[in-house]
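This briefing covers the salt bridges of one structure.

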Amino acid sequence: MTDQTIQRIASDTPDVAPRFVRRVRGLSDRAITWLFIGPTLAILLAINIFPLIWTVYLSFTNYRANQPGREVKWVGTRNYERLLGSEDIWGYLQATAHFVVWTMVLQVLVGFGLALLINRNFRGASFWTTLILIPMMLSPAVVGTFWTYIYQPQTGIFSYIIDFFAGTGAIDMIGSVTLAPWAIIIVDTWMWAPYIMLLCLAGLRSIPDYLYEAAEIDRANALQKFWYITLPRVLPFLMLAVLFRGIENFKMFDMVVELTSGGPGSTTELASINLKREAFEKWRTGFSSAFAIILFVTVFGLGNIYVKALNKVKS
Amino acid sequence: MAEASLARVTKRFGETLAVDNADLTVANGEFMVLLGPTGAGKTTLLRLIAGLETPDSGKVTIGGSDVTVLAPAMRDVAFVFQQYSLYPHYTVFENLAFPLRAPGRRMGEQAIRKRVSEIAEMLRIGHKLKNKATQLSGGEMQRVSIGRALVREPNVFLMDEPLSSLDAKLREDLRVELKRIQRDLGATIVYVTHDQLEAMTLADRIGILDKGKLVQVDEPRTIYERPATVYAAQRLGSPQINLLPAGRLGLTPGNANAITAGVRPEDVEVGTPSGFDARVIAVERRGAEMIALLEVDGGQQVHALLDAHRPVGEGASLQIAVRPGAPVWFDGKQQLINA
Ligand SMILES: Nc1ncnc2c1ncn2[C@@H]1O[C@H](COP(=O)(O)OP(=O)(O)OP(=O)(O)O)[C@@H](O)[C@H]1O
Ligand SMILES: [Mg+2]
């Protein structure tokens with residue numbers, strides 16, 4: 001907008017503009033600051049901080065959300081004691097840890113590998129990049145459903161390919177107690193390795209050529225170049241990607257529910273899936289609140305340690 | 001150490017002719033400085049010697065053998081890049097030791113330690129050996145880059161404006177130091193700069209580059225006194241050489257083709273008893289000396305280099321003359337005419 005148009009608008013609205021300006025001028029800087037921060041702060045309190053505190057409170061009660069009329073009793077730390085003493089709960093946490101660790105390991109390997117390949121800038125590289133990124137853009141529920149067909153022991157392509165190369169006969173990824181945890185890891189890797197690739201690519205693209213040229217002249221071999229130049233430059237990006245994905249996978253729900261619904265037995269019953277059952281099928285609101293708090297503290301603690309390490313790598 | 005040479009080397013990048021049919025031989029133990037403005041092809045020429053670029057045509061030899069298609073690692077050259085090219089997450093010591101640890105150059109840990117600390121002392125970064133490369137100032141990084149080249153004893157040192165990011169004092173110190181090192185080692189160095197003072201003080205010979213062409217390769221004194229072209233004349237000397245059309249200031253050529261006279265500012269005599277009327281337009285004092293910008297009748301402007309204590313002030317009118325025998329003459333194609 002030019003000065004002239006501003007003036008024109010101001011003169012077109014002679015009453016409103018000056019009065020408004022006068023009113024705003026009457027406010028102190030401090031008041032204006034609060035005017036801007038206030039709404040955000042209120043929303044944050046209402047939808048983030050308050051529920052958190054409320055959950056902490058509920059975790060010490062026997063509250064049930066489906067029986068609003070019932071008397072709410074304070075039960076102290078009994079929910080926590082039962083949670084930490086329960087073998088089942090440890091099983092779900094273990095399944096979650098297994099899922100998070102292996103998806104991260106595989107996604108880092110596959111994602112970094114793909115990034116190194118794409119970074120060679122061969123012909124059609126941008127086409128392949130787009131193609132590789134597609135899984136990431138799909139809805140997790142769709143991906144889950146879609147892979148149940150792929151994993152289908154008789155008609156699915158997965159079983160067919162494994163059988164073709166390894167001669168195993170039809171394999172039932174989802175129905176098998178040993179294979180089901182790997183089934184969800186494979187799908188998550190298929191879906192999210194591209195994301196790791198994308199961030200690694202950003203790191204790789206930020207490395208100037210002359211660093212490699214200098215190393216070349218110093219007779220560095222490929223491994224040394226990777227170790228001295230590529231890895232240090234990409235590591236902050238990679239670690240950030242792992243942080244984002246790690247937290248997401250700790251809360252993994254939709255894709256796994258679609259694919260295995262936690263089964264067979266409870267082999268793929270991740271913490272968040274069990275939490276949903278406790279809260280909205282068994283309606284043990286107090287108990288599941290305590291579970292949620294435990295998960296929150298775990299993620300928060302691990303996340304903080306991780307961010308410290310990340311900052312160390314960056315500097 | 002060895003000699004290096006380019007024979008009729010041409011390198012294009014798409015439309016740009018970065019190096020145009022260059023012939024250059026750098027003798028064993030010689031300090032060759034390539035001088036030219038930005039975009040002249042200095043870096044490209046160095047990269048061709050290093051093997052980081054392959055010439056479109058022509059031949060590159062190092063130590064007498066043809067290396068035109070040889071990989072950089074096999075040429076045994078050291079390169080100091082225009083940008084500091086350090087391994088960011090490693091210490092200064094690791095950076096300096098890296099070239100000594102390369103495969104095929106196995107050196108004992110003790111020997112590496114000794115060599116690195118020698119070089120670090122010389123470049124005055126001995127106290128920074130434990131710092132990470134990212135924790136250094138720009139000047140320190142540049143010195144580590146230079147150090148990384150100096151720890152080795154390669155065939156040829158290639159240096160691309162290594163002192164450009166340092167402050168004036170340090171630049172002067174390192175210039176002297178570099179010259180001393182080069183003499184001690186008998187090192188062959190090809191050194192790129194666009195600073196004429198660096199070129200004059202460091203070079204055994206200077207190569208003047210103009211849009212990819214080597215217009216003159218000679219000793220600094222020779223280029224200064226007998227520049228092959230107007231362009232070469234303008235590259236050396238501060239303030240720049242005065243270019244005067246024949247006939248001005250009583251300059252008469254001895255050759256019919258001579259069109260332009262080049263007169264160095266120190267060859268313009270000011271306040272002579274007889275000569276041409278001139279007015280002082282501006283005076284610039286540089287400590288021991290001063291530069292006067294003079295306007296002669298007819299609007300011709302001339303720079304003169306004078307002692308600082310000469311009583312010449314702005315607005316003064318006086319008489320000037322050109323020292324006899326001083327002018328060099330150029331023809332219509334801006335080439336030197338040999339008288
Ligand atoms: N990789 C490249 N791709 C395309 N053009 C290039 C490339 N490298 C150099 N050029 C071009 O070649 C010419 C010479 O470049 P060069 O880097 O050798 O100049 P220079 O003399 O080193 O300049 P400066 O003093 O700015 O470093 C320039 O016109 C430049 O744009
Ligand atoms: Mg350059």
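**Salt bridges in the predicted model**

A:Glu269 is buried, its relative accessible area being 5%. Its salt-bridge partner is A:Arg277, and the closest N and O atoms lie 2.9 Å apart. The model is predicted, and it holds 31 salt bridges over all chains. Side chains of opposite charge can pair when their charged atoms come close.

**Chain A pair**

- A:Arg277 has 24% relative accessibility and therefore counts as partly exposed, whereas A:Glu269 is buried.

**B:Asp76 and B:Arg152**

- B:Asp76 forms a salt bridge with B:Arg152, with 2.9 Å between the closest N and O atoms.
- This pair links distant parts of the chain, 76 residues apart.
- B:Asp76 sits in the loop between helix 2 (72-75) and strand 6 (77-80) of chain B, and B:Arg152 sits in the loop between helix 5 (138-150) and strand 7 (156-160) of chain B.
- B:Arg152 counts as buried, at 3% relative accessibility.

**B:Asp267 and B:Arg323**

- A salt bridge joins the side chains of B:Asp267 and B:Arg323 at 3.2 Å, N to O.
- B:Asp267 lies in the loop between strand 12 (260-263) and strand 13 (268-270) of chain B, and B:Arg323 in the loop between strand 17 (317-322) and strand 18 (328-330) of chain B, so the pair ties together parts 56 residues apart in sequence.
- B:Asp267 is buried, with a relative accessible area of 15%, while B:Arg323 is partly exposed at 35% relative accessibility.

**Network**

- A:Asp218, B:Asp76, B:Arg148 and B:Arg152 are joined into one network by salt bridges that share partners.

Terms used
Residues are numbered from 1 along each chain as its sequence is written. Chains are lettered from A and ligands numbered from 1 in the order in which they are written. This is a predicted model: local features need pLDDT of at least 70, side-chain atom pairs count only at pLDDT 80 or more; totals for chains, interfaces and linings use all residues. Side-chain values use heavy atoms; hydrogens and water are left out. A salt bridge is a side-chain nitrogen of Lys or Arg within 4 Å of a carboxyl oxygen of Asp or Glu. Buried means under 20% relative accessible area, exposed over 50%, partly exposed in between (1.4 Å probe, protein chains only). Helices (H or I, at least four residues) and strands (E, at least two) are DSSP runs, numbered from the N terminus.
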